[in-house]
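Colleague: I would like to learn how to read a structure like the one below. Please take one feature at a time.

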Amino acid sequence: MVDSTLDIPIPSRPRRLSLPAWLVLICIITFTVLIGAGAAIWKNAPPIPVTVSSPQQEIILTQADIQHGQETYLGRGGQHIGSIWGHGSYLAPDWTADVLHRWGLATAGVLAQNNPQFSEADLQALTAPERASLQAQVSEQFKTNRYDPQTGELVLTAVQAQGLRKVFQDYKQLLAHGSRIHSIPDGWFQNDQQIHDVTAFFTWTSWAAAANRPNAPFSYTANWPHDDLIGNQPPGQFVVWSIVSVVVLIAAIALFLTLYLTQTEADEVLTVAQRPAIRLATPSQKVTSLFFGVAMALFLVQIVMGMVTAHYAVEGDGFYGIPLQQYLPYAASRTWHLQLAIFWIATCWLAAGLYFAPRFGQHEPKRQAWGNAGLLTALTVVVVGSLAGSWSGIQGILGKYSFWWGHQGYEYVELGRVWQLLLIGGMVFWLWLMYRALKPALKHDADRTGLNHFFLYSAITIPLFYSAGLMYTNHTPLSVAEYWRWWVVHLWVEGFFEVFATVTIAYLCSELGFLKKSSALRATYLTTILYLGSGVIGTLHHLYFAGTPVFIAAMGAVASALEVVPLTLIGFEVVKTLRLSQEAEGFYRWPLRFFLATCFWNLVGAGVFGFLINPPIFLYYSQGLNTTPIHAHSALFGVYGSLALALMLFALREIVPDRAWNEKLLRFSFWSLNGGLVAMLVTGLIPNGFYQLVQSVNHGTWYARSAEAIGSPWMQWTVWLRIPGDILFSFGALAMVVFALRAIPAVFQTPTPTPTDAQPS
């Protein structure tokens with residue numbers, strides 16, 4: 001620009017980045033950081049020694065033993081029978097903590113009395129100075145890293161080697177004959193070689209948890225688990241980064257509130273007809289309603305599996321006297337409980353995409369109904385096949401083929417690799433079905449960053465990020481496998497599936513006339529930027545103790561603290577949703593109220609309870625305890641389950657005749673599900689989680705997961721006290737299933753629209 005009078009160039013105002021450009025930039029930066037962190041994790045993972053030997057050059061363990069033990073353990077249920085480095089189920093011991101403490105006690109016994117049978121009672125019977133002196137000697141034995149990276153050999157001290165033999169004797173009994181209090185079945189492993197190798201794998205994880213990293217004053221797992229006998233105490237920087245994370249959280253929320261309240265444009269809420277017309281379901285949308293029926297059936301079975309799994313905590317080998325352990329062991333019921341949760345929630349979300357694509361695109365492709373039916377059939381095969389396969393793997397039926405057809409051994413990614421590949425193929429087919437229905441709207445969308453394209457882009461991320469689960473196998477080093485597993489659990493579920501749902505609901509609100517499209521689009525971009533800007537790097541907060549460099553804790557702590565900021569937005573969105581609900585009172589009331597429940601649990605379950613276990617110093621003492629299920633239950637059902645039900649009800653409300661739409665059932669279901677979840681948390685998970693936390697702080701992680709703690713009266717009573725909440729929740733789920741059974745058949749009794757039928761927009 002030039003001033004014509006003075007011929008002096010006038011600088012033009014620099015162009016501001018658009019919201020789509022900001023989103024792309026944020027994704028490039030955060031994924032660069034995440035992938036760089038992954039490279040550092042791979043480079044600095046704990047080494048697996050070629051041989052573990054005594055000073056006399058007697059080979060005790062080999063790398064092949066350790067790797068075969070990992071494969072065997074994972075194939076038989078893995079993280080659903082106890083945990084490794086705190087990742088897994090909470091009833092059986094954390095194998096790292098248990099082996100490490102047993103090994104330390106036996107080593108202390110050899111040092112003190114030349115007696116590997118030395119017990120915890122013997123240790124506590126010593127005078128304070130004697131105990132302190134002995135612990136210092138044991139700590140020196142374990143904290144000194146005697147691994148030679150040049151030869152790949154780990155040479156134990158003579159007393160360590162003698163103590164380790166005692167551990168192998170104990171575990172030969174435990175792994176063969178099980179433990180009732182820990183719901184470990186008799187005959188879990190019957191082959192002596194398998195028992196030896198699985199114990200070797202547990203031993204390696206324990207060594208990595210104790211031996212200091214080269215040039216560092218803490219172990220490969222940042223001194224986790226807590227165990228005074230071994231000398232495992234939290235690194236001082238964990239306190240620093242915990243304080244920093246809290247300060248960052250407070251500052252970020254304050255900044256966000258300032259910007260939100262002073263600069264955010266007011267979204268225009270439009271007047272909505274009190275009684276929109278019932279839409280005529282297209283053939284493909286009628287088939288889509290069957291997806292919701294299947295999802296509700298899976299929801300009901302998932303709750304039954306949850307009740308069985310919870311009851312194992314008080315009756316370790318049965319269910320009210322029925323010897324269920326023989327037919328449905330704890331590892332199987334817990335696997336099914338988690339698998340079914342993912343399956344029914346994902347089914348609702350996929351079905352919502354199939355329903356809304358032709359609605360948004362105003363186009364019913366030829367033979368779309370057949371495509372939907374084929375996808376539903378394929379998904380059913382995958383669900384049934386993976387459930388049967390995981391049970392067979394846990395029972396030992398599949399042997400070395402368990403990884404492919406049975407059980408991968410990792411939480412939330414349990415299904416065998418073949419079923420996993422088929423599921424990814426199904427998602428790609430789902431994406432194609434959505435694209436062909438949305439294609440006309442995409443052609444008419446002048447802006448490739450508009451809602452139509454954003455809806456498609458978010459759908460593409462669903463199969464893309466689930467595929468991260470293919471980046472490891474059952475013999476991949478544990479640190480690397482955990483890194484990629486959390487791409488699936490955190491990024492796929494908590495990140496991009498939530499983005500897809502956010503786009504869907506924003507699009508729907510604009511289509512229904514609740515909001516202007518420009519307002520819905522802006523809100524969607526801002527929410528997605530906030531989610532991914534913190535959530536991508538926030539993935540690292542799951543990896544504090546997974547054999548990763550300690551800087552991972554610093555990055556994960558700060559980024560995860562910022563994840564609470566977009567959840568604070570939910571508090572403001574609640575007010576907006578209530579206002580929308582008033583506009584649509586009588587028609588979209590219950591879909592919006594389930595969306596309101598999503599907002600509430602996003603703030604409480606994902607935000608408050610998520611941040612509860614976020615600061616490194618807190619998680620150091622609570623990793624692998626029942627403090628984690630507080631967050632897991634309130635987020636997995638509270639957020640994602642409620643959102644799945646909201647999407648289902650939005651779709652069904654439009655196509656279900658009034659005669660089959662039962663408001664009373666929905667009201668009962670809504671309050672029972674949410675009231676039951678609150679009761680489950682308040683009377684069960686919160687009390688027993690914090691009880692274990694106290695035991696972990698006072699005695700060590702090993703004790704918080706021991707038979708003494710798990711079988712204590714407090715833990716037993718808190719499990720029993722969960723029953724009223726569980727029952728109330730179950731009645732709410734049953735009411736939702738009954739509602740679906742009445743509503744879905746009515747969809748097929750309505751006429752199918754002809755191509756000339758006008759559909760209300």
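Modeller: Start with contacts, where contact means heavy atoms within 4.5 Å. Leaving out residues up to four places away in sequence, Leu 508 touches Phe 356, Arg 359, Phe 360, Phe 650 and Glu 654. Leu 508 is part of helix α15, residues 478-512. Helices (H or I, at least four residues) and strands (E, at least two) are DSSP runs, numbered from the N terminus.

Colleague: What kind of model is this, and how are its residues numbered?

Modeller: This is a predicted model, in which local features need pLDDT of at least 70 and side-chain atom pairs count only at pLDDT 80 or more, while totals for chains, interfaces and linings use all residues. Residues are numbered from 1 along each chain as its sequence is written, and side-chain values use heavy atoms, with hydrogens and water left out.

Colleague: Is Leu 508 buried or exposed?

Modeller: Buried means under 20% relative accessible area, exposed means over 50%, and partly exposed is in between, with a 1.4 Å probe and protein chains only. Leu 508 has a relative accessible area of 2%, so it is buried. Trp 42, in helix α1 (residues 19-43), has 63% and is therefore exposed.

Colleague: How do the axes of α20 and α25 cross?

Modeller: Axes are lines fitted to C-alpha atoms, for helices over the stretch in contact, and angles run from 0 to 180 degrees between N-to-C directions. The axes of α20 (residues 628-655) and α25 (residues 723-748) come within 11 Å and cross at roughly 25°. Angles under 35 degrees count as roughly parallel, over 145 as roughly antiparallel, 65 to 115 as roughly perpendicular and the rest as oblique. The pair α20 and α25 is therefore roughly parallel.

Colleague: Which residues of α20 and α25 meet?

Modeller: Among them are Phe 637 and Leu 645 in α20, and Phe 729 and Met 736 in α25. By class, this contact has 10 nonpolar, no polar and no charged residues. Here Ala, Val, Leu, Ile, Met, Phe, Trp, Tyr, Cys and Pro count as nonpolar, Asp, Glu, Lys and Arg as charged, and the others, Gly among them, as polar.

Colleague: At what angle do α9 and α20 pack?

Modeller: Helix α9 (residues 283-311) packs with α20 at about 145°, with axes 11 Å apart. The contact includes Gln 285 and Ser 289 of α9 and Ala 651 of α20. Its residues divide into nine nonpolar, two polar and no charged.

Colleague: How many disulfides does the structure hold?

Modeller: A disulfide is a pair of cysteine sulfur atoms within 2.5 Å. The structure holds zero disulfides. Cys 348 is in none, and the nearest cysteine sulfur, that of Cys 599, is 18 Å away. Cys 348 counts as buried because its relative accessibility is 0%.

Colleague: What should I look for in the backbone?

Modeller: Most residues other than glycine have a negative phi, and most peptide bonds are trans. A cis peptide bond joins Trp 224 and Pro 225, with omega about 10°. Pro 225 lies in the loop between α7 (192-210) and α8 (236-263). Asn 215 is placed in the loop between α7 and α8, and its phi is positive, near 60°.
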